[in-house]
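The stops below are given in the order in which to select them.

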Amino acid sequence: MRRHLLAVVLGGALLLAGTAGCGIPANTEVRVEGAGPAAEAGSTSGIRGEPPNRSASGGEPEQFVKNFLSAAAGEPDGAYQRVRQFITPEDHDRLQVKEGSEVALTVVRLTEAPVIVNDPNKTDVTLKVQQVGQLRADGTLAPPETSTTSYTFELRTQEGRANAGLFVANPPNVLLLSVDALEAYYQSRTIYFWNSGRTRLVPDQRYLPLAVPDERLVSEVVKWLTAGPSPWLRSAVTGLPDGTRLINNATRTEGRWEVDLEMPDEKVRLEQLATQLAWSLPDVDGQLEIKIRTQPRKDIPDLEAHRQANPVYRVGGGFQRFCVYEGAVHPLSDAAGTIVTVPVAAEENRNVVTAGLSRAEDQIRAALVVTEAGRQWLSVGAGLDPVAVFHRSAKGYGTIGRPVWLRSTDRGEPAGLVVADGALYRFDAQAQLTPVSLGVSGTVTAVAASLDGHRIAVIAGGGLYVAALSPTEGGVTLGPARRLPTRLTGLSAVDWYGEDKLLLAGEVGRPAVYEVSVDGTRDTRVEDKIGARVTHLAAYPANTEVPRGAAMYEANGVAYGSAPFERIQPEQVQVSPPSTGTRAGNPTAPFFLY
C-alpha cells in the first residue's frame, strides 16, 4: 500500500543527518507526489517509521539535537516514552505525560542552526524557532499554543552508567518536533468532507505516522472521518451523523476491504460516505464494503472506478493562459500553437488593468478591473462565450486587485471576492460589492480562492491567513481566520497551487516566490531570481484530475510564466487582428482560465 514510503523515510533520515539545523531547503522543482500502491493484508511497516533512538548519534552533539527533535515522531501513545529516553532520569518529571487525545507535539521550524556551546561539565543548547502548530493525536495540525521563539537545554553525559552517552538536562516541557522530522516520519494525507449543501467535497489535511502498519490505514482514515473535520473547516463542511463510529478495525481479505460502522442506515448518507472513502483512500484499490452493525449495506465493487465516476473536481483537464496587453485581455500562445479567442466582447474589453475569468459549466464568468477618469471600477459579466453584457460597480476605487470567482457557487448565483482600497469585498453578477469581515486587523492586500470554493487565502496586516467559506444568500460567511507561519516577509501576492498548498510572494532577503502548505509546515523556495517585488501572482492548482500546477507572476511591469520561470514576451500574445508595427509595452497581469 505504501511501499514508496520507505524511500521517503530513508531520504528524510539522510536530510536530517546531512543538512544544517535551520532546515532551509535548497532551490527545488515544484512537484506533486502521489500515493503508493496498495499492499496486501498482513503486511507490516516494521520499524521503517521509527525515529533514531538516543544512542544513534554516537555522542555527536549536533546529530543528537536533531535526533531529539525527531524523538516524538510516530504513534502518539509512545511519544512521551520515546522522548523521555533522551532525558536524564532526574528530569523526567519536568515533562508532564499526557495520554490519548491529549497528546500533542509542538511542531517548530528552526530559524537558524542550533547554537551549541561546549563546557567541561555540560553542553548548552539554544534553539531559535518559529512556532508552526500543534500536531494532535487525530492527525490534525492545530495552531500554535505559544509564541515562544527559543528553547534552551543542556546536554550531559552519564558516566558510569551501562547506557552512557548524551542526555538532555533541563528539557523543554513540551514534545518538540521539527518540520524536517514531520516530513521524514509522517505521510501527509488528504481526506474529504461534504460541504454544508452536500454538493461538493472539501479537502482536509491530516498526518499519518509512517510507523502505522499498512493494514491499519483504512481504519485510521475512517476514524478521522467519523471524528469530524479540522476545527478551522467546521463552518464550511458537514461531518458524518452524530454517533457514527468504527465498530472494529477495517479488515481485508483477498483484496476486499470491509468497514463496519455504527451509524444511521440512510441510503443517501451511505452513498456520500462511499465517495468520501474512495477519495480519502486514493492509494487503495479493489472492493470495499460498508456494513452497519455487521450487516452489509453498501458495496463499492471497484474503488478506482468509483473515483472516476465521481470526480472531486470538473476542470476539463487543463487551462488557458491570458494576460492584459495594450489595455485589453488577450490569450497567450502555448507550445502547441493553439488559437484561443477572448471570451469577452470586444466593446467591453478595453481600459483593462487586471481580470479574472472562470468557467461554470457552459458559461464564462468575467470580472474586469477597468480605468476611467483616474479611478478603477469592477466590470462583471456572465454568459455564453463571448460575454457581452457587463455591469459596473456603483463607485470607483483608487486600487482594485485581481478579482477571483468562487467555484462553490457554480450552481447558484455567481459570486467572487476582490480587494479594493485595502478591504475585502464580495461581488455578484451585477458588480455589487459587499464588505466581507475577515476578523483580522490591518490592510487586506490579496485574496485567493481554492478550487473547491470553500477555502480562501488572504494577506492582511502583513500576515498570511486561510479561512473556510460558506456561500449564503446574498453574501458569504467566513470561519475564523487562521494565520500561517512563513519565513517570508513583505508579503505581496498569493494563490492556490494545489489542494493543500499555496504560492506566496514576498521576501527572504530578496524578492521570492515560495510554495507554502495550507498549514504552514512546508515552506519551499520556488523562484528567487526576480529582482523586484511581485505585484501580481496567478496559479493553476494541481488537483485530482491534473497532477501538476502552473504559475505566472508580474514584477516591475514584466510578466513571467513557469516552468521554469521565463519572461513572457510580447510575441507570445495572440492579438486578433494582429497589431501592425512595433508593439508597445509588455504583457501584464497574467492569469489562467479554467
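Begin with the hairpin of β33 and β34, which has five residues between its strands. Select G520 there: this glycine takes a positive phi near 85°. The model is a predicted one, and the values given along this tour are computed from it.

**The strands around the first stop**

β33 and β34 pair in the antiparallel sense, over four bridges. To see one pair of facing residues, select V516 together with D523 of β34, which stand opposite each other. Now colour strand β34, residues 523–527, by burial: four of its five residues are buried, and the strand is mostly covered.

Strand β33 covers residues 511–517, and seven bridges join it to β32, with the two running antiparallel. Here the facing pair to select is L504 and Y514, the latter in β33. β32 and β33 also form a hairpin, this one with three residues between the strands. In its turn, select G509, which has a positive phi of about 85°.

How many of the seven residues of β32 are buried? Select residues 501–507 to check: six of them are, so the strand is largely enclosed by the rest of the structure.

One more step back brings strand β31, residues 489–498, which is joined to β32 by six bridges in an antiparallel run. D495 stands opposite L503 in β32. The link from β31 to β32 is a hairpin through two residues.

**An open sheet of three strands**

Next, select β8, β9 and β10. These three strands form an open sheet in the order β9-β8-β10, with antiparallel pairing. Which strands stand at the edges? They are β9 (201–209) and β10 (237–238); each has a single partner strand, so one side of each is left without a neighbour in the sheet.

For the pairing of β8 with β9, select residues 186–195 for β8; the two strands pair in the antiparallel sense over nine bridges. Among the pairs, Y192 has P203 in β9 as its bridge partner.

The axes of α5 (residues 217–227) and α6 (residues 267–280) come within 11 Å and cross at roughly 130°. The two helices are therefore oblique to each other, and their crossing is right-handed. Show side chains for V221, V222 and L225 of α5, and for Q276, L277 and S280 of α6: these residues make the contact. By class, the contact has four nonpolar and two polar residues, and no charged ones.

While α6 is displayed, select Q272, which lies in this helix. Is Q272 buried or exposed? Its relative accessibility is 11%, so Q272 counts as buried. Leaving aside residues up to four places away in sequence, Q272 touches W194 and R198.

**V259 in strand β13**

Now select V259, in strand β13 (residues 256–262). V259 is buried, with a relative accessible area of 1%. Which residues does V259 touch, not counting those up to four places away in sequence? They are V218, V222, L246, A250, L288, E289, I290 and K291.

**A covered helix**

To show the buried ones, select P61, Q63, F64, V65, K66, N67 and F68.

**The whole model**

The secondary structure comes to seven helices and 39 strands. Buried residues make up 55% of the 594 residues in the protein. Of the contacts with a separation of 6 or more, 57% are between residues 24 or more positions apart.

How values were computed: Residues are numbered from 1 along each chain as its sequence is written. This is a predicted model: local features need pLDDT of at least 70, side-chain atom pairs count only at pLDDT 80 or more; totals for chains, interfaces and linings use all residues. Side-chain values use heavy atoms; hydrogens and water are left out. Axes are lines fitted to C-alpha atoms, for helices over the stretch in contact, and angles run from 0 to 180 degrees between N-to-C directions. Angles under 35 degrees count as roughly parallel, over 145 as roughly antiparallel, 65 to 115 as roughly perpendicular and the rest as oblique. A crossing is left-handed if the near helix is turned anticlockwise from the far one by less than a right angle, and right-handed if clockwise. Contact means heavy atoms within 4.5 Å. Ala, Val, Leu, Ile, Met, Phe, Trp, Tyr, Cys and Pro count as nonpolar, Asp, Glu, Lys and Arg as charged, and the others, Gly among them, as polar. Buried means under 20% relative accessible area, exposed over 50%, partly exposed in between (1.4 Å probe, protein chains only). Two strands pair if DSSP finds at least two bridges between them.
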